Amino acid sequence: MRGFRSFLLLLVVAGGLGAYLYFVESKRDPADADKKEKVFAVEADKIDELVVKSESGDRTTLKKTGTDWQLVEPVATPSDGAAVSGLTSNLSTLELQRVIDENPQDLGEYGLKEPRLEVAFKSGGKEQRLLIGRKTPAATDLYAKLGDAPRVFLIPGFVDTTFNKTTFDLRDKTVLKVNRDSVDTLVITSGKRTLQFAKADGEWKLTAPIKARADFTTVDGLVGKLNTLQAKSIVESAALAEYGLDKPGTTVQLGSGSSQATLLIGKAGEEGAVYAKDQSRPLVVTIDSTLLADLEKDTGTFRQTDLFDGRAFNATRLEVTRNGQAAVFEKTRTKNKDGQDEDKWKQSAPTAR
């Protein structure tokens, strides 16, 4: 009898569990199991001030005016838009992986007594601060906490490079301020050689030391490199002679109508870099030395090697003379049997066929 009662009790428990699974768990969204708590309830475009302390000790303050971010400390300068966007978007989507300790006794155990990284931001006048310590033993996550709460938790390890930004990382590193689409002249002076190019009707031409058709891809590609040229480092001193910029070995001038941008290139710097500056700005920088190699290429590299300007798609007439006899071919547009336009070549001389 006792065994029968135990059996009935098991049936009741099983029935209750089945009802729970049916009425509760079956109604739950499977995606909920993968959802994690967000560290901050903030939208990226609502963040209007950032303070970033990197592992190197750099502390950088940025503020947003309208839609543009500017560095305000330790130097006032435009920001690197991509780097700042990475910060704000990751702050708004950052997920808490797991809580490690609600009330830790020793923050030093997690590298949070003196955090490696700090990111503070303001949104709607409210400031929030994220402190990041060392990596977990497996290096997949980072120990972190909020500035106003004791709880230690884990955040994904991949955000380390996003938040560990120096002042140099966060500033605009564009060397020349030019609009690639409006550039219509290019002058390269290197040593005793000067190459001059002019763009008209969408085509580049070599105008000095000789007049010739220029290879569009080569010249336009070079203009593109100059347009996107980034500084590898910034030099504090402005003593131009020290960097070979008082008498630059290479000068590049980009013209756009009446406006002009000039790049001066001096001595070799650190490995793989040369010193350079925008003539209109006091800042001395280093740039990748591969650009100098492109600028010093042989004149023939910049010339058009095709014999003719004509192309198969826009040619309408071809005349071949051999031993005084001319054969002429002309392209005409006709309708095919389906009523669609169609190009056809026909011989018009010495006989039509």
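How many salt bridges does a search of the whole structure find? I ran this search on a predicted model, and the result was 16 salt bridges.

**Entry 1: glutamate 55 and arginine 116**

I looked up the salt bridge between glutamate 55 and arginine 116, whose closest N and O atoms are 3.2 Å apart. I then noted where the two partners sit, since the pair links distant parts of the chain, 61 residues apart. Glutamate 55 belongs to the loop between strand E1 (47-53) and strand E2 (59-65). Arginine 116 belongs to the loop between strand E5 (98-101) and strand E6 (117-123). I checked the accessibility of each partner in turn. Glutamate 55 counts as partly exposed because its relative accessibility is 48%. Arginine 116, at 19% relative accessibility, counts as buried, the limit for that class being under 20%.

**Entry 2: aspartate 80 and lysine 173**

Next I examined aspartate 80, which forms a salt bridge with lysine 173; the closest N and O atoms are 3.0 Å apart.

I then turned to glutamate 319 and arginine 317, whose side chains meet in a salt bridge of 3.0 Å, N to O. Glutamate 319 is partly exposed, with a relative accessible area of 42%. Arginine 317 is partly exposed too, its value being 46%. Elsewhere I noted one network, in which salt bridges that share partners join Glu43, Asp45 and Lys46.

**Entry 3: an open sheet**

In which order do the nine strands of the open sheet run? I read the order as E13-E12-E11-E10-E15-E16-E17-E18-E14, with antiparallel pairing. Strand E13 (212-213) and strand E14 (233-235) are the edge strands, each of which pairs on one side only. Within the sheet I followed strand E11 (residues 193-200), which five bridges join to the antiparallel strand E12 (residues 203-208). Glutamine 196 stands opposite alanine 208 in E12.

**Entry 4: glutamate 236**

I located glutamate 236 in the loop between E14 and strand E15 (250-256). Its relative accessible area is 75%, so glutamate 236 is exposed. I also looked up its separation from leucine 283, which lies 47 residues away along the chain: the C-alpha atoms are 7.9 Å apart.

In soluble globular proteins, nonpolar side chains tend to be buried together. I listed the contacts of leucine 263, leaving aside neighbours within four places in sequence; among them are Val175, Leu176, Leu226, Leu229, Val252 and Leu291. The list also includes Thr250, Thr251 and Lys277.

Note on methods. Residues numbered from 1 in each chain as written. Predicted model: local features only at pLDDT ≥ 70, side-chain atom pairs only at ≥ 80, totals over all residues. Heavy atoms only, no water. Salt bridge = Lys/Arg side-chain N within 4 Å of Asp/Glu carboxyl O. Helix = DSSP H or I, 4+ residues; strand = E, 2+ residues; numbered from the N terminus. Buried < 20%, exposed > 50% of the residue type's maximum accessible area, 1.4 Å probe, protein only. Pairing = 2+ DSSP bridges. Contact = heavy atoms within 4.5 Å.
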